[in-house]
Each structure stands twice: as C-alpha cells, then as structure tokens.
Amino acid sequence: MHERFDPLATDYLADPFPILAAIREETPVFYSSELDMWPVTRHEDIKRIFTDYETFSGAITQTPVYPLAEEAKDILAAGFHTTPTVSNCDPPKHTRVRAHNVKAFSARRIAVLEPTIRAYVTEMIDRILHQDRFDIVQEVTFPLPATIVFNLIGFPESDMEMLKGLAINRMAFTWGRSTEAEQVRIAKNQVDYWQYCTEFVASRLAEPKDDFTSDLIRTHLADPDELSVDEITNVVHALSFAGHETTTNVSSSMIQRLLTHREQWEELCADPALIPKAIEEGLRFDPSLFTWRRITTKPVSIGGVEVPAGAKLLLLVGSANHDPAKFPDPEAFNIHRSGAQAHLTFGRGIHSCFGAPLARLEMQIMLEELTARMPGLRLVEDQDVQYHVNACFRGPVELWLDNSAHR
Ligand code: HEM
C-alpha cells in the first residue's frame with residue numbers, strides 16, 4: 001500500500017510525522033519497488049536491527065541511495081579512495097579500528113574542548129546580539145560543530161572555510177538526487193577533500209601534535225598492524241563529516257521546536273538545569289540521521305515480514321522515535337518527558353555514535369548561552385522553512401530568528 005513512499009516528496013520533507021504514523025500503523029515493514037528498499041518503521045524492529053550486526057550489515061551506509069551519473073563515478077574512481085573503516089565496516093576490522101577511535105576520542109579530549117566551544121559560541125553570539133534578524137543556521141548551528149570537529153581532528157584553523165566549502169552538498173550527493181552537473185562538481189570536491197585528508201595525515205605522521213589524529217598516529221607508530229595510515233585517513237575523513245552536519249541539524253531543529261513551544265523556551269531561560277532534558281527531547285523529536293541503512297546477510301523475519309538475504313533496509317529512525325508503543329503521546333514536544341533517552345538518534349550496538357558526548361556538550365553550551373544572553377528570541381513569523389532534500393539528513397536549511405526584543 002505504501003509502495004510509492006517517497007522520502008524526497010515535498011510534503012514528506014516538510015512534515016514526515018503524519019505520513020510515518022500511518023505507515024507504522026498499517027504496514028510497519030514493507031518492500032518499496034520505487035526505492036528497491038525495505039522501509040522499517042517501528043522502534044522495536046529498528047533497535048533489534050541496530051544491535052544484531054551479524055544479520056544486519058552496515059556495508060551500505062555510505063553508498064549513494066540514488067544512482068550516480070557515469071561522469072561522477074569516473075571522477076570518484078580516479079581520486080576518491082575511501083575504504084570501509086567506520087560505519088560501513090563490519091567486524092572484525094570494525095572492532096579493531098573502533099577500539100582505537102574510542103580511546104583517542106577520550107573523555108579528556110572532549111572535556112578540554114569545553115572552554116573552546118564556549119569561546120566560539122560567545123563570539124558567534126556577540127556577532128548577532130544586536131541584530132534584529134538572523135539565520136541561526138548560518139550564524140551558529142552550522143559553523144560551531146564544523147569548527148569544533150575540525151579543531152579536534154587537528155585541521156588548521158586557516159583551512160576551515162575552504163574545508164566547509166568542499167564539504168557542502170555532500171548530503172545531496174550521497175542521500176539525495178542531484179543533477180548530473182551538481183554530481184560532477186560535488187565529486188570533484190570529494191576528491192579534493194580526500195586528497196586533503198591524505199596529505200593532512202601524512203603531515204601528522206611526519207610530525208605528531210596534540211590532537212585526535214596524532215593520538216591515532218602514535219598507535220600506528222607503536223604497532224603498524226594495529227592501525228594503518230590508510231585506516232587513519234579513512235577515520236579522519238569519516239569523522240569530519242559524522243561530527244558536523246549531524247549536530248547542525250539536531251541543534252537547528254531543537255531551537256525551532258523550543259521557540260515554537262515558547263513556554264518551554266521560557267522555562268529553560270528561567271531554569272537552565274532543564275537543558276539536558278530539553279536536549280534529550282530534541283534528539284528524540286528530530287533525529288538528524290532521520291533514516292539510516294543496513295543490508296541483510298541472510299533471510300530473516302522482521303516484525304512478522306519475511307525479508308530475503310541481500311535486502312536493503314531503510315531504517316526510519318524518525319518513525320521509531322515517534323512510535324507510541326515506546327513513547328506515550330509521541331507527537332507532543334515535551335521537555336519534561338520521562339524516558340526520552342530511549343530514542344535511537346545515536347543508533348545502538350557496535351556502531352553506536354561515540355561522538356554523542358561531544359554533540360550533547362555542544363548543544364548544552366549553545367542552549368546555555370542563547371537562553372542566558374538572548375531570552376527574547378522568537379521565530380520570524382510566517383517563514384517557509386525548507387528542509388535539505390535528501391533521504392537521510394533532516395534539518396532546516398535556514399532558520400530565521402527575530403531578536404528585536406534586544407532594542
Ligand atoms: C547530534 C549529533 C549526532 C547524531 C544524531 C549522530 C548519529 C549517529 C548514528 C545514528 C550513528 C550510528 C551509525 C550506524 O549504526 O551505522 C553514528 C555513528 C557515528 N558517529 Fe555520530 N552522530 C552525531 C554526532 C557525532 C559527532 C559529534 C561525532 C564525532 C565528532 C560523531 C561520530 C560518529 C562516528 C565516527 C560514528 C561511527 C561509529 C562506528 O561505526 O563505530 N557523531 N552517529
């Protein structure tokens with residue numbers, strides 16, 4: 001019945017939740033011939049899929065959802081040499097590489113970033129404090145996570161603008177349906193980005209410093225069989241994306257929800273101790289990896305539906321997080337909700353997001369500073385919020401805020 005389910009349809013992008021509620025109720029797991037994928041919508045099923053890595057492989061997580069043009073494929077084949085290392089890699093390789101990543105992504109490395117994050121947020125707010133209107137995506141929620149993850153990796157500050165430019169539109173490339181000309185342009189950017197990562201890792205190999213990449217290099221130098229230079233380059237490449245658009249989109253959506261439910265925004269301004277709960281509800285309500293993928297390694301029954309081996313699964317995390325079987329009154333945005341942290345926004349199991357503490361810290365500081373310094377913020381009325389046109393990452397392209405209360 002939902003054969004024609006289209007994750008790029010305009011009404012779905014604007015508000016997917018009523019459509020997902022109907023699908024979840026009527027056909028929670030089904031085959032879409034249009035997509036050649038099996039959408040899965042229930043919390044219970046998606047959680048099980050995330051945790052059973054032997055039946056549900058991550059091999060396709062980074063493969064373009066829609067076919068690429070030949071010219072774009074040729075450009076990638078000539079210069080974009082990533083190999084499965086992180087989210088699209090299965091054990092045993094994944095287990096070995098992830099253990100080193102988690103070690104290098106230590107609580108210490110995150111904790112020392114706290115003052116840096118606060119300094120960047122303060123500077124960003126200084127720039128907008130006296131403006132009547134601004135786009136919070138452009139001013140804060142996009143630049144902050146990008147700057148912080150690049151800083152953590154060790155990319156020099158002077159390269160940041162160039163890197164952000166190269167990274168732009170990757171969402172549309174892998175998860176959307178861009179035109180042939182756009183694909184060619186983005187493929188060239190991807191090659192340049194990969195080249196940059198290769199040269200950057202080589203520079204840290206020659207001269208390690210005090211950053212995440214250099215920690216991985218030290219592991220390599222101690223035992224090259226434990227972690228190769230190619231694996232480190234792949235990790236750096238993956239991390240620079242994984243820690244970037246994800247946090248941008250959740251943060252923008254969360255600010256939108258809080259200002260739409262203004263009484264909850266005001267509660268946060270009055271009592272910042274509520275911020276961690278608001279963050280969990282924001283993560284539940286608007287996961288930025290709105291869908292994710294797996295491929296079955298053998299025939300399996302999912303929610304009572306028989307699925308063959310080699311089936312591509314489209315895990316609708318946005319639906320799981322609004323499943324009434326798990327979250328009572330799921331369409332109500334409520335920062336006081338108990339049990340919001342049962343969301344699947346950071347995945348589960350062997351691939352679960354090890355950047356979650358950093359993402360939460362960035363959102364905490366953003367909300368602390370915005371509520372303290374700009375309590376009068378409102379959404380610009382009647383704006384037509386547009387969402388990124390792709391099948392995975394969900395978040396507003398722009399979000400205009402009214403700060404005329406500062407006058
Ligand atoms: C709100 C922001 C974020 C969201 C919603 C998010 C979401 C996710 C999800 C759903 C996964 C699981 C993928 C899978 O099962 O295949 C994942 C994995 C991952 N995340 Fe995040 N993430 C966020 C922030 C970050 C940050 C800040 C970093 C690092 C700086 C990061 C790095 C990673 C990495 C490297 C993986 C792959 C782990 C593995 O395969 O072992 N993420 N993330």
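Visitor: With which residue does the side chain of Arg109 meet in a salt bridge?
Guide: This is a predicted model, in which local features need pLDDT of at least 70 and side-chain atom pairs count only at pLDDT 80 or more, while totals for chains, interfaces and linings use all residues. Residues are numbered from 1 along each chain as its sequence is written, and side-chain values use heavy atoms, with hydrogens and water left out. A salt bridge here is a side-chain nitrogen of Lys or Arg within 4 Å of a carboxyl oxygen of Asp or Glu. With an N to O distance of 2.8 Å, the partner of Arg109 is Asp210.

Visitor: How many residues apart are Arg109 and Asp210?
Guide: Helices (H or I, at least four residues) and strands (E, at least two) are DSSP runs numbered from the N terminus. Arg109 is in helix α6 (residues 107-111), whereas Asp210 is in the loop between α12 (180-206) and α13 (212-222). The pair therefore links distant parts of the chain, with a separation of 101 residues.

Visitor: Which residues are linked with Arg109 in a network of salt bridges?
Guide: Side chains of opposite charge can pair when their charged atoms come close. The count of salt bridges comes to 19. In the network that holds Arg109, the other members are Asp210, Asp215 and Arg218.

Visitor: What separates Arg127 and Glu123 within their helix?
Guide: The two residues form a salt bridge with their closest N and O atoms 3.9 Å apart. Arg127 is partly exposed at 47% relative accessibility, and Glu123 is partly exposed at 43%. Because they are four residues apart in helix α7 (residues 114-128), the separation is about one helical turn.

Visitor: How many residues apart in sequence are the parts tied together by Arg373 and Asp126?
Guide: Arg373 forms a salt bridge with Asp126, with closest N and O atoms 2.6 Å apart. Because Arg373 lies in helix α19 and Asp126 in helix α7, the pair ties together parts whose separation in sequence is 247 residues.

Visitor: Which protein residue is the single donor to the iron atom of the ligand?
Guide: Donors are N, O and S atoms within 2.8 Å of the metal (3.2 Å for Na, K and Ca), and because water is not among the atoms, sites may look incomplete. Through its SG atom, 2.3 Å away from the iron, the single donor from the protein is Cys353.

Visitor: Which residues gather with Asp6 in a patch of negative charge on the surface?
Guide: Patches are made of residues with over 30% relative accessible area and no salt bridge, where like charges are joined within 9 Å and nonpolar side chains (Val, Leu, Ile, Met, Phe, Trp, Tyr) within 5 Å. Lys and Arg count as positive and Asp and Glu as negative, without His and the chain ends, and the place of a charge is NZ of Lys, CZ of Arg, CG of Asp or CD of Glu. Asp6 is in the segment before α1 (10-14) and is partly exposed, with a relative accessible area of 31%. The residues that gather with Asp6 are Asp11, Asp15, Asp329 and Glu331.

Note on methods
Accessible areas come from the Shrake-Rupley method with a 1.4 Å probe; for residues, only the protein chains shown count as cover. Buried means under 20% relative accessible area, exposed over 50%, partly exposed in between (1.4 Å probe, protein chains only).
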